[in-house]
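Subject: Structure handover

Hi,

Here is the structure for your set-up. My notes follow below it.

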Amino acid sequence: QSQLSQALNGLSDRAKEAKEFLVQLRNMVQQIQENSVEFEACLVAQCDALIDALNRRKAQLLSRVNKEHEHKLKVVRDQISHCTVKLRQTTGLMEYCLEVIKENDPSGFLQISDALIRRVHLTEDQWGKGTLTPRMTTDFDLNLDNAPLLQSIHQLDFVQMKVSSPVPAPPILQLEECCTHNNSATLSWKQPPLSTVQVEGYILELDDGNGGQFREVYVGKETMCTVDGLHFNSTYSARVKAFNKSGVSPYSKTLVLQTSEDTQSEEQTLPFPVPLERSQLRRMSPFSSTLNLQPSFSGRSYFELRSSAHQLSLHSSLQSLNSAVDIKKMVAVAWFSFDPSSAHADIIFSNDNLTVTCNSYDDRVVLGKTGFSKGLHYWELSIDRYDNHPDPAFGVARIDVLKDAMLGKDDKAWAMYVDNNRSWFMHNNSHTNRTEGGITKGATVGVLLDLTRRTLTFSINEDQQGPVAFENLEGLFFPAVSLNRNVQVRARMG
């Protein structure tokens, strides 16, 4: 009896624990149901917020399309009205002239014939090149890139917040691999040697070259990136950090980079001997990108800069913020050549990409590799071949200018087109300032881009051609030429 009673006591304790455990499980069932309802409500609210944001963005994009639609209609209707008025005037003049031709009195005819002939020639000149060319295309040059958003939606998933793993250590910038060249900067970094934490990617940040806030210029897995299209003669600060699923590392040490001076040709000497580890930084960047808004490697780029690879190796300097050494920068002229990667396929290159022609009878556009956003710049184009009196165009353009039409046909280019007798300025298919004086084989066309005064001026054989061609220029401009197979030009700079 004593043994059975003792055994029952132990079993009773287990039964009591089981009852308490059942109560705990029933409470868990209720808690799971309550948490599920709360979590579902939170999930629905988050998805609804995404849908609302997408609808708002949809309305904004539709508004832009409608504005583009109205703009195109206005341009075309204005051209219709303008052409109708000119056609009515021309038709009236033709009818009047036909009546005058019927005049049987020779003396009366001679009294008005000279004036009528001048008026007919003047009216014909008013129907010059471009007058009967549409000022606006019917296509909507808008492309909605929804692939990244769709990819993000497909990858949208829950994150287990309670899993603890370390964030990466700060990356180390490799000074021997970092450099600047003309208006581009190459940066290289690595993880600390003893770090074993997995890294999913890196974020490279650069300021605006004027002491402003940092902005992301590259996000990706690579450990080297070239940022092109920077301002000349400017000081940039750069830093990088790593990230994984657990979070983002602290920043690396900040580097200060000086881009090259673009308005002088004499080198300045260093005021003292440069340490060997710093002298290695003054070399050409071995990397350069060829597409707008793209770094040297795969990843996302938010810095609206364009590539610029150059012929001339320019000196640059690099210093760390934690160093008391102040290296005096080297200065030199900025050079450029024509860019095969962005040119129309019909363009033919030679002479280390300094000479271009075309294999088509239609006008094709080619750009220089260097973009300018400030400062004073002058270059010349030598006419090495000029047959059958074509009208090549010279000037500057955005990177996304039309490549299969005369320079100046769209709003991305500012140009002067010229034949063997006269020239016109053209932007957005608007022709202005007809000026006497053309080009022949051996002529030199000069382009003066003054981004301090924000003006563009042209010259032929060192004499200014017409007035100041364009004013209020602002942004990033690339040297540009359009030509056909009857023309060959050679770039001269420096």
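Asn351 lies in the loop between β11 (347-350) and β12. Helices (H or I, at least four residues) and strands (E, at least two) are DSSP runs, numbered from the N terminus. This is a predicted model: local features need pLDDT of at least 70, side-chain atom pairs count only at pLDDT 80 or more, and totals for chains, interfaces and linings use all residues. Residues are numbered from 1 along each chain as its sequence is written, and side-chain values use heavy atoms, with hydrogens and water left out.

Back to Asn351. Its phi is positive, about 55°, although Asn351 is not a glycine. Asn351 counts as partly exposed because its relative accessibility is 41%. (Buried means under 20% relative accessible area, exposed over 50%, partly exposed in between; 1.4 Å probe, protein chains only.)

Asn233 also has a positive phi, near 50°, and is not a glycine. Asn233 sits in the loop between β6 (224-227) and β7 (235-244). At 32% relative accessibility, Asn233 is partly exposed.

Now the overall counts. The protein has four helices and 23 strands. Of its 494 residues, 38% are buried.

Next, the cores. A nonpolar core is a set of buried Ala, Val, Leu, Ile, Met, Phe, Trp, Tyr and Cys residues joined through side-chain atoms within 4.5 Å. The largest has 38 residues; Trp379, Phe394, Leu449 and Leu456 touch the most other members. Strands that each supply at least two residues of this core include β14 (376-386), β19 (444-450) and β20 (455-460). β14 gives the largest share, four residues. Beyond its neighbours within four places in sequence, Leu456 contacts residues including Val396, Trp414, Leu449 and Phe470. Contact means heavy atoms within 4.5 Å. A second, separate core has 19 residues, among them Leu187, Tyr202, Leu206 and Tyr236.

Last, the helix pair. α1 (residues 2-101) and α2 (residues 106-126) pack at about 155°, axes 11 Å apart. So α1 is roughly antiparallel to α2. (Angles under 35 degrees count as roughly parallel, over 145 as roughly antiparallel, 65 to 115 as roughly perpendicular, the rest as oblique. Axes are lines fitted to C-alpha atoms, for helices over the stretch in contact; angles run from 0 to 180 degrees between N-to-C directions.) Residues of α1 including Leu93, Tyr96 and Cys97 meet residues of α2 including Phe109, Ile112 and Leu116.

Best wishes
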